[in-house]
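Hello,

Here is the structure we talked about. Please open it first, then read my notes below.

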Amino acid sequence: MEPKAIFEAVRATFGEAVSELQEEGFRPAFLVVSPEKVREIGRFLRDDPAMKFDSLMCLSGVDYPDRFAVVYHLHSLGIGHRIGVKAYLPRESPSLPSVDGVWPTANFHEREAFDLFGIVFEGSWDLRRILLPEDWEGHPLRKDYKYPEFYHGIKV
Amino acid sequence: MKARGEALPTQEMLINMGPQHPSTHGVLRVILRTDGEVVVNARPDVGYLHRALEKIGERVTYAQFMPFTDRLDYLASMNCNAAWAWAVEKLAGIEVPERAEYIRVIVCELNRISSHLIAFGSFTADMGAFTPFLYAIRERERINDLFEEICGNRLTYNYVRIGGVSADLPDRFLEKTKEFLDYFDPKIPEYNDLISYNKIFVHRLANVAVATPEDAVAYGLTGPNLRGSGVRFDLRRNEPYSVYPKIDFDICVGTGERGTVGDCFDRYMVRINEMRESVKILRQAIAQIPDGPVMAKVPRVFKPPVGEVYFRAENPRGETGIYLISDGTVNPYRLKIRAPSFVTMNIFEKITRGLMIADIVAVIGSFDIILPEIDR
Amino acid sequence: MLESLAISLVDAVPVLSGVPLWTITLLIMVVVAAVVLTFALTYAGLATYVERKVAGDIQARIGPNRVGPVGILQFLADGIKLLLKEDIIPAKADRFLFVLAPYLVFIGSFAAFVVVPFGVGLIASDLNIGIYYVMAITSLVVVGVLVAGWASNNKWALLGGMRAAAQIVSYEIPVGMALLPAVLIAGSLSLQDIVRSQGGLFGIFGWNLFHNPFTFFSFFLYYVAALAETNRTPFDIPEAESELVAGYHVEYTGIRFAFFFLAEYGDMFVVSSLATACFLGGWHVPFLNAEALPAVWGNLFSLGVFLGKALGLVVVMMWVRWTLPRLRVDQLMRMSWKYLVPLTFFNLLGVSLWLLLFQGRGIPQMIASLFG
Amino acid sequence: MGFKAYLYDIWEAVATTAKGMRITARYGVDPRETITLQYPEERWEPSERYRGFLHNDIKRCTSCTMCVRVCPVDCISLEAVRGADKKMVLASYDINIGRCMYCGLCVEVCPPKSLVHTGGYEMATVSRGELILHFVPEDAETVKGRVAKQVAEAAAKAEAEKAKAEAEKAKAEAEKPADAPQAPDPSPPPKPPGEEAAPFIQPAAPAFAAGNPETADAAGKKPAKEKEEEPAKAGDEGGEAKE
């Protein structure tokens, strides 16, 4: 299915929760969705017989200049089409529902996004820091991250 | 002695496997909760090798990031190099000369063989047979010799460039590659005789840690691990890039030869068979490679257009996905690397339930994880 | 035997007639023990060298080649290194048991050398319960290993110790059962008697190996079970360096570790020499009666033959080790209880019936009697 | 498990083991299969493109800092000052090979191809400081001081000449006011300063004392350049000996 058709189909089901289709310069194209609907939309994209996005290729956090985003790259092994889903989040206390119930593979990605961006995935079954030590302060992939001078009293 | 019927109180044992352990393939730490030898729960703890490659990527230019991709999966540097180059080229719309693409395919497939050799060797070493490991290393050295000739290094190649490759093939390289292939071809049946079909080896792997096709897809297994579960999916075929469409090869899948589809033995055999397919690809690529330039015109100060791109390439350990956001400057705005081993670790906890400690080693080996890639 | 030796010594050297006999006997005992221990240690050292050479050859490498000609002194260098290493006892270890364990293992392994029939008259003590003694004394090894695993206060070591206990106890049965046919044929538990029973003029066909089909299989069953007894690959799960790091000796360093190491090689020799004595004709030389030769020559000759056979079996153990992967612990148990134990029982039954039916004659004897 | 399967199990175990042992035995007895290289005695020949330790030929280096900018790990540090001849003079060129990852990007971008990978791969030191390769044999401060002095001298000389020229000009103007527009010559009468005197005056750095090429004419330039090279070579040899 073409991104346009996917956009229309998802919009037909979820209405305003899917706000726009980012196509120009984006490969694959992105459906921009409202964060609180991510899980429902994910489930729809996975289960709808015309979509069948059974594989979550990648889940990334992004720090855009004015807001955060969580980006999902989906692929359907059966049909062979791809689409991206993007949910913009405010910079203050970013959080959105977890999709690890839809695609279990999301868990590690979400932990990584939580670790490096501080994005909270509500309802995740195991949201802990993954790459950094548990007591690390801050979220390094944020653009405004300040490098710490000391770690446990050791000069970095 | 306790009276009959009065059970001894038992307790689960918590064991730290790693980060310093001979068969966790690096600094992986697995927290094992065991009931005697039986694993109740095995939880992987990653991140001991985190080098913030993605953060580094935001500070260096597109070309400067190339050496860092070497360090992503050091056993398959060429593949990581090429994946990065393909991703950036897709972002910037650079046309790469055909010869360069063929060279990339040749080095990638050679690297796939060498990476699978290490997977095979270290796996058998984990299973207690040390000799095949040495044989695998011996073959790999010959590939390293070839790579040294082509780019000057034996491990971190940094050979591929955005828009082509750094240098044309040296004299007689293709002949030497052919010689290697002729030498290597009979080795695979030898490995099979030596170890693959050995009774003990089969018993250790068959029916152990079965990943069903549904689980494999849902948990994002990719590459040989996915194919080991019987899913016929290979990016080189299903989402072709570079010159792979012009090359004929089979996709190896697990068949449940000695047990259930998706067990450790299937994952292992997929790798062995893929080496054969890589040999096939190499022979075709060597026959087809055209003459011509090896580098496209890329401006020295390279600024790709604003945009976002997700590119994925079939690497020896699975799909390496690169999500790249460009804001039109010389540095990537955001760069996310979807490392196959990292995603693979997600299923670990699920499929190791109820196995024995010795099987944990088999599972780690059969997934062929590599830690620099997990931790990035 | 030692007493008679002492008497003959006193007879030969009249000066000693004033010394009490028991002193001389004691002295001779010490000397014999020293000789056996020296042999055992030298052998174990050399075996480590040979093992590495064999591994090197198999793995398309060279192996040690720097110390001494073709690296033959490597084991001395390693030994000196191990002696000089810091002796670490973990803070939370059970100190007494931790220190005790290597000795138990070492004693268990090397005390068995006492009854190894090296030659016609070369045996430290020809006990009339030789095989029984070996089985009993090597059981000390399992105690030592278990103690080591426990005392180290390390979970990997504990797992290794537990595995070793389960494994060695299980494999004692097939080992014993597989040796019994030889005992049945010889009608004696003494190893010298068993070896003597395999003489005769049939060359290698006098060996128990070719006595009847059941003894033939018994040998292989014994060899496999013995591999497991000595914790060698493919049954090295108590050490299993890729799973348990190093198993029960993970916390041991320096000379204490060396004790475990030497004991392993000592064990290898003991089980190989048992196999040689019970199935491969011991020190018998084909078509030559070593007992009829002059004492010195007979002994030297038989010693060489015996060592050749036993060390050959040790090398085969190494060859197996560098070829095969390792079993899992449950598979190991299954192999013992489902395969080896029934098969050895079956063999024992077969041998007994054979001896009953054919009045103790083996196939070679029967063929020989056919031709008159 | 049926009895047949049971026996087959045993048979399979024996057969596959024998198969494997045959292969290992073949390797074990065949001496041709040994592939070990006895390292300190036998040496492996690095290939032509081998990326070993970096070496910078400072005679050809133009201090363009391309290598410094392209290095992803910042292992190259370069200090250069503008010499009296307006060319950059290397004050220091250090490569921290403890940090270098031998990616070869610097060699690729080097415009004069002065930076190259050598075939060297053996090095062991007892301290990290020794891992920094210095390619300029002299101390950075010495070079800087010397160059600053030369620049000052050249400036003074230029000043003097300018003053002289102006004086002449003024004189000429005074004499022929009508010719004034044609009078100022962009390059005043060339006078290769200290062409023979400089080497004796400043033996440490005669090359840079050799003169200001802008003031020197084509004829005067050539000998000065030749002179430039000789001491540089000596300095280089000194550097090698030090290594």
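**What I found**

Chain D has 7 helices and 5 strands. Keep in mind that this is a predicted model. Starting at the N terminus, the elements of chain D follow the order α-β-α-β-β-α-β-β-α-α-α-α. Chain D holds 243 residues, and 22% of them are buried. Now look at its contacts with a separation of 6 or more: 69% of these join residues 24 or more positions apart.

Next, a sheet that involves chains A and B. Which strands form it, and in what order? The order is S2(A)-S6(B)-S7(B)-S8(B). These 4 strands make an open sheet with mixed pairing. Two edge strands pair on one side only: S2 (26–27) of chain A and S8 (332–338) of chain B. As background, strands of a sheet pair through backbone hydrogen bonds, in either a parallel or an antiparallel way.

Zoom in on two strands of chain B. S6 covers residues 307–315, and S7 covers residues 318–326. The two pair in the antiparallel sense, over 9 bridges. One place to look is B:Glu308, which stands opposite B:Ile325 in S7(B).

Then turn to the helices. Which strands does helix H3 of chain B lie across? H3 (residues 77–92) lies across S2 of chain A, plus S6 and S7 of chain B. Helix H3 of chain B runs at about 150° to S6(B). Helix H13 (residues 340–351) of chain B lies across S6, S7 and S8 of chain B. Its angle to S7(B) is about 120°.

Best wishes

Terms used:
Residues are numbered from 1 along each chain as its sequence is written. Chains are lettered from A and ligands numbered from 1 in the order in which they are written. This is a predicted model: local features need pLDDT of at least 70, side-chain atom pairs count only at pLDDT 80 or more; totals for chains, interfaces and linings use all residues. Two strands pair if DSSP finds at least two bridges between them. Two residues are in contact if their C-beta atoms, placed from the backbone, lie within 7 Å. Axes are lines fitted to C-alpha atoms, for helices over the stretch in contact, and angles run from 0 to 180 degrees between N-to-C directions. A residue is buried if 20 or more other C-beta atoms lie within 10 Å of its own, exposed if 12 or fewer, and partly exposed in between; C-beta atoms are placed from the backbone.
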